[in-house]
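I opened my notebook to look up a few things in this model. Here is what I wrote down.

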Amino acid sequence: MEAKFNPVQVVEKQLVAMATSRFDIATRSVKKTAKIHQELFINQAKDLIPQFVKLNEAGQYVLVRPFGEHGLSLLSGLSNRQVSDMGVAGFEPAVIVQYGHDEYQVWLKHDRKLDAKQSERVTHHLAKLLEADTDAAHWNSFGLLAGFLVHHDAKGQPQSPFQVQLVAAGGEVYSEAGRFIDRLLAADANA
């Protein structure tokens, strides 16, 4: 008898590496309708996993973001080469998630909490600098939660289900964080 799919450990590992106290987790259909569970602690998120598994098996995405203001930026639409180049340049991801053939999302952990305006600016600049999808680069964007299936490609076309893989979850602050954010915020203050 085949074991029932259970992503509890991989979900917990991703959430721990993101290192915020609370999360929003959403389930979304390909038509973009979403149900958002707000302000979840890790244990509350784990308790909802059976519900998320059922919705995911029915074709819905399972997504996550930090609740409220935070110190993370999500970058999407990256290749393996781009992710490797980020690390070499001092932008080591705290979390790397693979959601398709050579398709990655990363969470970069800053050295400080940013307000919404600062976070939007930092995330947009990181996306431009690191050649990520700038249309998806917002301070409150949802990223894919590892362990669940993606049933559609980036254009919304049906595909063979791909299980979202947690490639890395070290949770470290990227080494260029202080310099990058200080320069960007100083430029804003002088503008």
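I sort residues this way: Ala, Val, Leu, Ile, Met, Phe, Trp, Tyr, Cys and Pro count as nonpolar, Asp, Glu, Lys and Arg as charged, and the others, Gly among them, as polar. The model is predicted, so I note that local features need pLDDT of at least 70 and side-chain atom pairs 80 or more, while totals for chains, interfaces and linings use all residues. Residues are numbered from 1 along each chain as its sequence is written, and side-chain values use heavy atoms, without hydrogens and water.

**Entry: pocket.** I looked up the lining of the largest pocket. I found nine nonpolar, nine polar and six charged residues there.

**Entry: helix H6.** I looked up residues 177–190, which form helix H6 (a DSSP run of H or I, at least four residues; a strand is a run of E, at least two). H6 has 14 residues and reaches 20 Å from first C-alpha to last. That is close to the 20 Å expected at 1.5 Å a residue (1.5 Å times one less than the number of residues). Which residues of H6 are buried (under 20% relative accessible area, with exposed over 50% and partly exposed in between, for a 1.4 Å probe and protein chains only)? I listed Ala-177, Gly-178, Phe-180, Ile-181 and Leu-184.

**Entry: strand S9.** I checked residues 158–163, strand S9. The number buried is zero of six, so S9 lies largely in the open. S8 and S9 run antiparallel, joined by three bridges (strands pair if DSSP finds at least two). His-152 stands opposite Pro-158.
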